[in-house]
Amino acid sequence: MKPWVLIVDDSASVRGFHGAILRNAGFEVDEAANGYEALEKYYMKKFDLLLVDVNMPKMHGYELIRQIRKDNLYGFVPVIVISTESGKNDYLEAFRVEANLYLEKPVDPIYLQLSAKMLTGMR
């Protein structure tokens, strides 16, 4: 079975780009345009990995991760934060909310594929 990834980003082109990279590596992909949509999908389906943008309307990525980490059943799902923000405080905040990895946009496709495989245990 292929691992499922939920890509959460308010930009359709970014979701499409990251989705193509991950599909090419053998992942199944679903998308959400904001944190609320992501939470709805998260509670409907078990995902093996989340890719989360920080700056989104309605609910930013850090709040989304906080909400997910409160879930006692699946709150352990690996999370990669992918953002244009590159300051030390951005990295620290991502790890404070228990993200597993922080990548800066534009992300290198090979690095994204390898990171996703590492966090999901995919070979």
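Predicted model: local features only at pLDDT ≥ 70, side-chain atom pairs only at ≥ 80, totals over all residues.
Residues are numbered from 1 along each chain as its sequence is written, and side-chain values use heavy atoms, leaving out hydrogens and water.

**The sheet**
- β4 and β5 pair in the parallel sense over four bridges (strands pair if DSSP finds at least two bridges between them).
- Five strands form an open sheet in the order β2-β1-β3-β4-β5, with parallel pairing; strands are DSSP runs of E with at least two residues, and helices are runs of H or I with at least four, numbered from the N terminus.
- At the edges are β2 (28-32) and β5 (101-104), each pairing on one side only.

**Helices on the sheet**
- Helix α2 (residues 35-44) packs on the sheet and touches β1 (4-8) and β2; contact means heavy atoms within 4.5 Å.
- The direction of α2 makes about 135 degrees with that of β2 (axes are lines fitted to C-alpha atoms, for helices over the stretch in contact, with angles from 0 to 180 degrees between N-to-C directions).
- Helix α4 (residues 88-96) also packs on the sheet, touching β4 and β5, and its direction makes about 145 degrees with that of β5.

**A look at Asp71**
- You can find Asp71 in the loop between α3 (61-69) and β4 (79-83).
- Leaving aside neighbours within four places in sequence, Asp71 is in contact with Tyr42 and Tyr43.
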